[in-house]
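Hello,

Here is the structure I said I would pass on. My notes on it follow below.

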Amino acid sequence: MTADASDAVEIRNALLRLRRGTGLPVAFGGLMEAGQQMRISELTGTSTHALRSLVVTSGTGLGGKSVALSRPCVVTDYSASRQISHEYDAPVAVEGLRSVLAVPVVVRHRVRGVLYGALRTALPLGGRMLDTAVEAARDVERALAVRDEARTLAAGAGAGPGWEQVREAHAALRALAPRIADPQLRAELLGACALLTAETGRSVRVRLAPREVDVLACVAAGATNAVVVERLGVTAETVKGYLRSAMRKLRARTRGEAVVAARRAGWLP
C-alpha cells in the first residue's frame with residue numbers, strides 16, 4: 001500500500017502519545033518508502049533539524065536494525081554502542097541523543113514505519129517505557145490496517161469485483177469498526193462501508209441498529225452464529241437477539257429472507 005498524508009498523521013499522533021506515556025523528551029519517526037528505506041518525517045521535542053528527512057536503510061543504525069529484525073531495538077549510548085552500525089552518528093550527535101529506542105510498525109508482516117524515543121543522557125530504556133512505545137506502534141498498525149482495507153475497497157469498486165468479495169469485505173469492515181477507538185477513523189471506515197450500499201438506496205421504512213446490520217453483514221457473507229460471535233466479540237445470545245430483532249423489522253421468517261430484505265432496503269451490498 002502507498003502511504004499518504006493521513007498515514008503520516010498517525011505516526012505524528014503516536015509520537016505524541018509515546019512522549020506523554022514515557023516522559024521521553026524526544027520522539028521522531030516516519031514511514032517506509034520504496035525499497036528498504038525509511039524517511040524520518042515527524043519529530044517532536046527535537047531542538048535541531050538534523051534528523052528531519054533523514055533516510056534510514058534497512059539494517060543500518062538502530063532504526064534500520066529494527067526494520068530488518070521487525071522488532072524493537074534499544075541502545076543505552078548510541079554513539080558508543082557495538083550493537084548497531086554507525087552511519088547516522090553525525091545527525092544523532094548534533095541533536096545530542098544518547099539513549100534511543102526504535103519500534104517498528106508492522107502491518108501484515110511488512111514493516112511500514114518506525115517510531116523512535118530518546119534521551120539526551122545515557123540511561124537504560126526498558127520496561128514501562130518500551131511497553132508504552134510498543135503500544136503506540138500497535139495503535140498505528142491498527143489504523144494503517146483499516147486505511148488499507150478502505151483503499152482496497154475503493155480500488156476494488158472501480159475494478160468491479162464479484163459480489164461475494166464485496167460482501168466479505170463489507171462484513172469484515174463492519175465487524176472491525178467498533179474496535180476502533182478514534183471516532184474520526186471509525187467514521188471513515190463506516191463511510192467506506194456505506195459506499196458499497198449507496199447504489200441501492202436506503203429504505204426509510206426499515207430502521208436497523210448498527211449491530212443488527214453488523215450481524216446481517218456477517219450472515220450475508222456466509223458466517224454461522226459461532227463465527228459471528230468470534231468476529232463481533234459478543235455472546236451467542238446477543239447475536240441471536242440482534243438477528244431476531246432484525247428479522248422482525250424486515251418481516252423475514254428466516255436468516256436468508258432477512259439478508260435478502262436487508263439488501264433490498266439498502267442496508268447490505
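**What was found**

Phe28 is buried, with a relative accessible area of 4%; buried means under 20%, exposed over 50% and partly exposed in between, using a 1.4 Å probe and protein chains only. This is a predicted model, in which local features need pLDDT of at least 70 and side-chain atom pairs count only at pLDDT 80 or more, while totals for chains, interfaces and linings use all residues. Residues are numbered from 1 along each chain as its sequence is written, and side-chain values use heavy atoms, without hydrogens and water.

Tyr116 is also buried, at 5%. Rings of Phe, Tyr and Trp (its six-membered ring) pair if their centres lie within 6.5 Å; planes under 30 degrees apart are stacked, over 60 edge-to-face, and the rest tilted. The count by this rule is 1 aromatic pair. The ring centres of Phe28 and Tyr116 are 4.4 Å apart and their planes are at 15°, so this pair is stacked. Because Phe28 is in strand S1 (residues 26-32) and Tyr116 in strand S6 (residues 110-118), the pair ties together parts 88 residues apart in sequence. Strands (E, at least two residues) and helices (H or I, at least four) are DSSP runs, numbered from the N terminus.

S1 also runs antiparallel to strand S2 (residues 37-44), joined by 6 bridges; strands pair if DSSP finds at least two bridges between them. Met32 has Met38 in S2 as its bridge partner. The hairpin of S1 and S2 has 4 residues between the strands, and Gly35 there takes a positive phi near 75°. S2 pairs with strand S3 (residues 55-57) in the antiparallel sense over 3 bridges.

Regards
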